Amino acid sequence: MADTSKDSDNARQSPWDLHEARLMAENARLRRICDALIERVEGSGMAPTAPYAAFQHSVVLAQQVRERTQALRETNRQLMAEIEERRRVEQRLREATDKAEQANLSKTKFVAAVSHDLMQPLNAARLFTSALQEDSDERASPMLNHIDTALRDLESLITTLSDASKLDAGVVTAETMAFPLSQLLDVLAEEFRQMAALKGLRFRYVPTSLVVRSDPQLLSRIMRNLLSNAIRYTDSGTVLLGCRRRGAEVEVWVADTGIGIGQDQIGSIFQEFKRGKRAVEYHERGLGLGLSIVEKISRILEHPLSVTSRENQGSRFLLRLPVTTLSQAGQQALAQSSEEHSALTGLRVWVVDNDRAICAGMRTLLEQWGCQVVAAESLPELRQQVDVGAGDAQVLIMDYHLDPDTDDGLTVAGQINAARSEPLPVIMLTADREQELKQRCATHGYMLLYKPVKPMKLKLALQHVLVGRGPGS
């Protein structure tokens with residue numbers, strides 16, 4: 001009965017009464033523990049003030065912990081803010097870089113388009129001038145030479161701007177191949193020998209039979225710039241283009257007896273728009289980009305370039321190329337090519353170019369070489385003159401950029417050859433130096449020449465094209 005009565009009393013208590021009872025019991029337990037601790041401390045022989053000092057010290061430590069924790073939180077907050085700000089700055093930098101790259105590519109495309117449009121009439125003018133020079137009399141010859149020099153300077157300026165723009169945009173890549181170095185240098189020697197003769201200079205050429213690995217077109221740009229400078233800045237004496245074997249490499253020299261470069265300027269001649277004082281006096285139309293282009297292309301090709309010069313005594317530029325060997329197929333093609341180097345008399349050539357002046361100039365020049373020429377401004381016009389599928393032709397000279405909204409030259413050349421049992425060798429002409437076009441021509445086995453076409457280059461291309469790819473332009 002007693003237990004039943006106790007349970008009844010607990011049931012009558014409210015929840016708050018039970019909670020208060022439990023708190024009082026817990027308080028009593030903690031008081032007993034505290035008394036025991038105090039008794040132990042006092043019995044340990046410590047000074048009467050030691051417990052208070054220990055408590056005060058713990059309070060100070062706790063305050064320091066709180067302060068340092070708060071300082072750490074503030075530092076962490078500042079660090080996070082700085083990280084966020086840096087992230088925003090990096091994002092803005094990425095956006096600015098993207099815009100700069102897009103602007104650079106747009107500039108490159110614009111320069112390429114302008115260069116192409118300027119090269120069209122320039123190409124026609126060069127073809128007519130070359131044809132006139134071969135039949136000119138003594139009175140007209142000096143004037144034609146001046147015209148040719150002016151056109152050549154204009155071509156150099158346009159090509160230089162286009163090359164510099166593409167190199168800055170990073171769209172120039174090397175496509176190396178093994179080829180006899182003489183294929184490239186022989187053409188350049190013949191071309192620049194004539195230019196040197198116009199200034200009364202002696203031109204020496206030391207050829208080589210070595211095979212090198214390089215990109216013929218990019219290497220040609222280097223050599224043209226160096227040879228042009230050598231002739232431009234030499235008033236009397238000699239210009240040398242020579243080769244010398246050095247172990248696994250061949251050194252290609254371009255040396256002159258011209259104005260030279262001061263020792264204080266040697267270190268800056270490869271900078272863009274940097275021209276020596278005497279260079280300005282000799283050739284005021286230059287842009288100061290030629291040697292910058294030479295240096296950039298040499299780095300792309302990984303061909304070390306060096307220069308030595310003395311003021312008023314001349315300069316020497318030296319380029320080192322790796323020596324290699326031709327494959328068996330390349331050796332056979334080279335042997336066949338040497339057999340084909342005969343006069344162009346009777347060579348049957350088809351020319352397709354949408355520029356009427358270029359068609360006329362090409363016909364005039366080729367006919368002076370003894371070629372039989374059929375020229376047309378489009379494929380339909382060519383079909384009106386000849387049987388494209390069975391016509392008796394040996395070479396097709398094709399312009400790449402034809403009329404808008406029509407097929408390009410690669411497509412038209414493919415259509416012509418698709419109709420023939422034996423495809424024609426194709427020489428593709430263009431002022432477009434895009435890498436993609438270069439690769440497409442290589443895929444189809446077409447030789448690529450850049451406008452304005454140099455007569456000597458075209459003549460040798462006609463001799464080489466029947467047996468494979470000739471030297472770069």
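Select D353 to begin. D353 sits in the loop between β8 (348–352) and α10 (356–368); helices are DSSP runs of H or I with at least four residues, and strands are E runs of at least two, numbered from the N terminus. This is a predicted model, where local features need pLDDT of at least 70, side-chain atom pairs count only at pLDDT 80 or more, and totals for chains, interfaces and linings use all residues. Residues are numbered from 1 along each chain as its sequence is written, and side-chain values use heavy atoms, without hydrogens or water.

Is D353 buried or exposed? D353 is buried, at 2% relative accessible area (buried is under 20%, exposed over 50%, partly exposed in between; 1.4 Å probe, protein chains only). Now show D355. Its backbone nitrogen lies 2.9 Å from a polar atom of the D353 side chain.

Go to Q271. Q271 is in the loop between β5 (249–256) and α7 (277–282). Q271 is partly exposed, with 43% relative accessible area.

Next, M80. M80 belongs to helix α3 (residues 50–134) and is partly exposed, at 48% relative accessibility.

Finish at the rings. Select W253 and R316. The charged end of R316 sits over the W253 ring, 4.5 Å from its centre (NZ of Lys or CZ of Arg within 6 Å of the ring centre and within 35 degrees of the ring normal). Then select Y233: R232 lies over its face, 6.0 Å from the ring centre.

Key
A polar contact is a pair of N or O atoms within 3.5 Å; within protein, one must be able to donate a hydrogen and the other to accept it, and residues adjacent in sequence count only if both atoms are side-chain atoms.
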